[in-house]
Amino acid sequence: MYRYSGNAPTVSSTSPADGGSWIPGQSTGWVVNFSQAMSTSTITTNTSDTTCSGSVQVSSDSFSTCVRMSAAPVASNSNYSFTLTPYASLTGGTTYKIRVTTGAQSSGGTALASTWTHSTGILVTVPVPDTGQTTSYTTTFGEDHDYTTHTPSYTDNGNSTVTDNVTGLMWQKEDDGSTRTWDNAGTYCSGLSLGGYSDWRLPTPRELQSIVSYGTYNPAINGTYFPNTQNNRYWSSMSYINNSTHAWYLSTQKGEINRDVKSTTSYVRCVRGGTSSGIWTVNYLSENSTVQDLATGLMWQKVDDGSARSKDQGLNYCESLALENFTDWRLPDIKELESIVDYSSYNPAINTSYFSNTQTSAYYMSSTSDVSNSLATWRIHFGEGYFGPDNSSGLVRCVRGGL
């Protein structure tokens, strides 16, 4: 039904509300709701520069500059609501402000009663924890050792649980020493009551890898907070997309992720927090030659050059790269590189809408060395999504941010 008021329109609400959270992958963007149906041609915002143009403006400061939008606001609810989707370069923990000027008009041509400004939408990102690798394996700058991202930090809660202070996830401190089939592993976690909580679940591959320490092995984990960890396989929650009888697991021997048939048995460490599908929900924003992952805050080289390089050559390539006026590119560590694996895709196991030229028959190199074999480097096969260490050459996709 058409609703109309002869009075001047106003902004009735926003989503998220003042002080609320805007979570990449779980929110489509900021939504501005008006008291009247609006003229879509008057609801505009800046899409090509950083000046505060348009009747609807988003800023992380006092509107001296505005956040660039990826497209014009999208109307819904009979033109009562408009969704704003940011282009890129958003910062986690920042409260973004929305301003609507009197350039916004109702469908009847009446301007907004007065300029409206509101602080809303705290961007929530979940950083990728550092690998924990602190030893240098080459004199070439740019290896894992040379960059510290989000230093692993844990809290022993004293109730058989451990909280990861970087990701916010709560973990089962010690597994029960039993191996289970994949189906039974999920049942075990969903039925677990531990630390006063009953919402435990089987972790995703990415969540399992988040607590791996690539500075040690046998097992590759912090033994102070996760004592008695088996030097073996631990089930993840995700099936292998190319064969539903297989599921992904993490080997704690070194930190590899691979897959095996669900009827085999592996150990189980349960997790709680995030959502049933995990905490890193991919939501990319793209420019001509870069892609930003709003879930982690990392910005990626969109198209690799298809050239295989040695580790030192890969380090030098990223350190000297300049894209979109950024010169602080580096070779990603293995946790960062794994963060763009898409386990719901196959051949390649990556979002091809944003990384369209990804090679499926070669490995992509990380900056992380294999501590048990200093000649080998951790790398990922994006054809399927598995990864491990190797000493051969590899392709390179550079990253920036996260420091």
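This is a predicted model: local features need pLDDT of at least 70, side-chain atom pairs count only at pLDDT 80 or more; totals for chains, interfaces and linings use all residues.
Residues are numbered from 1 along each chain as its sequence is written, and side-chain values use heavy atoms, with hydrogens and water left out.

Helices (H or I, at least four residues) and strands (E, at least two) are DSSP runs, numbered from the N terminus, and two strands are taken to pair if DSSP finds at least two bridges between them. Under these criteria, four strands form an open sheet in the order β16-β17-β18-β22, and their pairing is antiparallel. Its edges are formed by β16 (284–286) and β22 (399–400), each of which pairs on one side only. Within the sheet, strand β17 (residues 290–293) and strand β18 (residues 299–301) run antiparallel and are joined by three bridges, with Q292 standing opposite M299 in β18.

A search of the whole structure for disulfides (pairs of cysteine sulfur atoms within 2.5 Å) finds three. When the bonded cysteines of the protein chain are numbered in sequence order, the pairing reads 1-2, 3-4, 5-6. The sulfur atoms of C52 and C66 are 2.2 Å apart, and this link is right-handed, with 105° about the S-S bond. Because C52 lies in the loop between β3 (30–34) and β4 (56–59) and C66 in the loop between β4 and β5 (74–76), the pair ties together parts that are 14 residues apart in sequence. In terms of relative accessible area (buried under 20%, exposed over 50%, partly exposed in between, with a 1.4 Å probe and protein chains only), C52 counts as partly exposed at 23%, while C66 is buried at 6%.

A further disulfide joins C189 to C270, with an S to S distance of 2.1 Å; the torsion about its S-S bond is about -85°, so the disulfide is left-handed. Distant parts of the chain are linked here, since C189 belongs to helix α1 and C270 to the loop between β14 and β15, 81 residues apart. Both cysteines are buried, C189 at 0% relative accessibility and C270 with a relative accessible area of 0%. In the link of C318 and C398, the sulfur atoms are 2.1 Å apart and the handedness is left, with -85° about the S-S bond. C318, in helix α3 (residues 311–319), and C398, in the loop between β21 (387–390) and β22, are 80 residues apart, and both are buried.

Side chains of opposite charge can pair when their charged atoms come close. Salt bridges (a side-chain nitrogen of Lys or Arg within 4 Å of a carboxyl oxygen of Asp or Glu) number twelve in the structure. One of them is formed by R272 and D199, whose closest N and O atoms are 2.7 Å apart; R272 lies in strand β15 (residues 271–272) and D199 in the loop between α1 (182–190) and α2 (205–210), 73 residues apart. R272 counts as buried at 16% relative accessibility, whereas D199 is partly exposed at 41%. The salt bridge between D260 and R233 has an N to O distance of 2.4 Å and connects strand β14 (residues 257–261) with strand β12 (residues 233–240), the two residues being 27 residues apart. Here D260 is buried at 18% and R233 partly exposed at 28%. E207 and R201 also meet in a salt bridge (2.8 Å, N to O), in which E207 is buried at 0% and R201 is buried at 12%.
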